[in-house]
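Dear colleague,

I am passing on the structure we spoke about, and I would be glad if you opened it before reading further. My notes on it follow below.

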Amino acid sequence: MTPFFLKFGKFLLLVFTPIALVAFLIWWLVQLATINDILAAVIIHILAGTLVAFLFLYLVLVFMRPKLLISRYICKRENVYWFKVVNGSRFHAFDVKIEVF
């Protein structure tokens, strides 16, 4: 029976070597940087991440919103009005409700 480290040796080498290199690089950069540089980088990354998250959410809400079209012709049968609603977007529209004021 082959030992674990020989069976999965190449896989472990491919996975953990880049992780170890990145960890060493981060440790080395932290040793070079001052505390002000680190705080500035953290603040910039938090602000940039927040901005990107809001931009992504805005784009998803704008472009994935269903575009519903209501026909001009309204049918009335036995005190009930019938509307034809057409979904003009690529995505499904669920739970469509119409309120008349």
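Where is the place of Ser 89? Ser 89 lies in the segment that comes after strand 4 (85–87), and please keep in mind while looking for it that the model is a predicted one.

Ser 89 has a relative accessible area of 19%, and because buried means under 20%, this residue counts as buried. The side chain of Ser 89 is joined to the side chain of Asn 87 by a polar contact of 3.0 Å. Leaving aside residues up to four places away in sequence, Ser 89 touches Arg 65, Pro 66 and Lys 67.

For the protein as a whole, the secondary structure consists of three helices and four strands, and reading along the sequence gives the pattern α-α-α-β-β-β-β. Of its 101 residues, 1% count as buried. The accessible surface comes to about 10,200 Å², and 73% of that surface belongs to carbon and sulfur atoms. If you consider the contacts between residues at least 6 apart in sequence, you will find that 19% of them join residues at least 24 apart.

Notes: Residues numbered from 1 in each chain as written. Predicted model: local features only at pLDDT ≥ 70, side-chain atom pairs only at ≥ 80, totals over all residues. Heavy atoms only, no water. Helix = DSSP H or I, 4+ residues; strand = E, 2+ residues; numbered from the N terminus. Buried < 20%, exposed > 50% of the residue type's maximum accessible area, 1.4 Å probe, protein only. Polar contact = N/O pair within 3.5 Å; in protein donor to acceptor, adjacent residues only side chain to side chain. Contact = heavy atoms within 4.5 Å. Areas by Shrake-Rupley, 256 points an atom, 1.4 Å probe, with all protein chains shown as cover.
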